[in-house]
Amino acid sequence: EDKIKLLRSKITEAYTTLFSIYENKNKLVTVKTPDYIEINHHAFWVIFDTIENAESFMEKLREKTIYAYIGYMPLHSAPKGFEYGYEKDDLPLTEDLGNRIVRLPFYTELGEVGLEYCVGEMKKVLNEIYN
């Protein structure tokens with residue numbers, strides 16, 4: 001358990017360091033955990049400033065065989081939500097945020113192999129989008 005948590009914390013730290021540069025420029029928002037909470041490092045997501053930038057980020061990463069994905073489907077616009085009578089435009093803020101949240105690759109082995117590649121390629125893509 002300790003080894004797994006250590007490897008996964010390495011991923012969290014690498015992503016936090018990379019994305020903090022763009023967060024400080026108000027381009028995106030990252031996961032925030034208060035110091036008094038101990039996390040298990042099970043996921044990392046980013047909220048991009050625009051849907052277009054989120055989609056561009058995911059598309060450019062796929063070209064590099066790195067698979068990030070939309071991390072949240074608003075329940076009101078899921079099939080069951082439509083069954084209950086909701087429509088996509090009923091909750092515009094939720095819909096907007098749902099389309100800008102991107103979950104990054106996150107699995108234990110990444111802490112041992114591939115993290116440097118992922119972070120390096122993500123940095124290149126972020127520089128393309130924001131510079």
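This is a predicted model: local features need pLDDT of at least 70, side-chain atom pairs count only at pLDDT 80 or more; totals for chains, interfaces and linings use all residues.

User: Fine. Where is phenylalanine 106, then?

Analyst: Phenylalanine 106 sits in the loop between β4 (101-103) and α5.

User: Is phenylalanine 106 buried or exposed?

Analyst: Phenylalanine 106 has 14% relative accessibility, so it counts as buried, the cut-off being under 20%.

User: What is phenylalanine 106 in contact with, leaving aside neighbours within four places in sequence?

Analyst: Arg8, Ile11, Thr12, Tyr15, His41, His42, Ala43 and Phe44.

User: Which residues are in the ring cluster?

Analyst: Tyr15, Phe19, Phe44, Phe48, Phe57 and Phe106 are linked by ring pairs.

User: And how many aromatic pairs in the whole structure?

Analyst: The search finds 6. One of them joins tyrosine 22 and tyrosine 130, a tilted pair with 6.0 Å centre to centre and 35° between the planes.

User: What does the pair of tyrosine 22 and tyrosine 130 tie together?

Analyst: Tyrosine 22 belongs to helix α1 (residues 2-23) and tyrosine 130 to helix α5 (residues 115-130), so the pair ties together parts that are 108 residues apart in sequence. Both tyrosine 22 and tyrosine 130 are buried.

User: What about phenylalanine 48 and phenylalanine 57?

Analyst: They form a tilted pair, 4.9 Å centre to centre with 40° between the planes. Phenylalanine 48 and phenylalanine 57 are both buried.

User: Back to α5. What do its buried residues pack against?

Analyst: Against α1, β1 (28-30), β2 (45-48) and α2 (51-62). The buried residues of α5 include Leu115, Cys118, Val119, Met122 and Tyr130.

User: How does the span of α5 come out?

Analyst: At 1.5 Å a residue, its 16 residues should span 22 Å, and the end C-alpha atoms are 22 Å apart, which agrees.

User: What does the side chain of histidine 76 make a polar contact with?

Analyst: With the side chain of glutamate 95, at 3.0 Å. Beyond its neighbours within four places in sequence, histidine 76 has contacts that include Phe82, Tyr86, Leu91 and Glu95.

How values were computed: Residues are numbered from 1 along each chain as its sequence is written. Side-chain values use heavy atoms; hydrogens and water are left out. Rings of Phe, Tyr and Trp (its six-membered ring) pair if their centres lie within 6.5 Å; planes under 30 degrees apart count as stacked, over 60 as edge-to-face and the rest as tilted. Helices (H or I, at least four residues) and strands (E, at least two) are DSSP runs, numbered from the N terminus. Buried means under 20% relative accessible area, exposed over 50%, partly exposed in between (1.4 Å probe, protein chains only). Contact means heavy atoms within 4.5 Å. A polar contact is a pair of N or O atoms within 3.5 Å; within protein, one must be able to donate a hydrogen and the other to accept it, and residues adjacent in sequence count only if both atoms are side-chain atoms. The expected span of a helix is 1.5 Å times one less than its number of residues.
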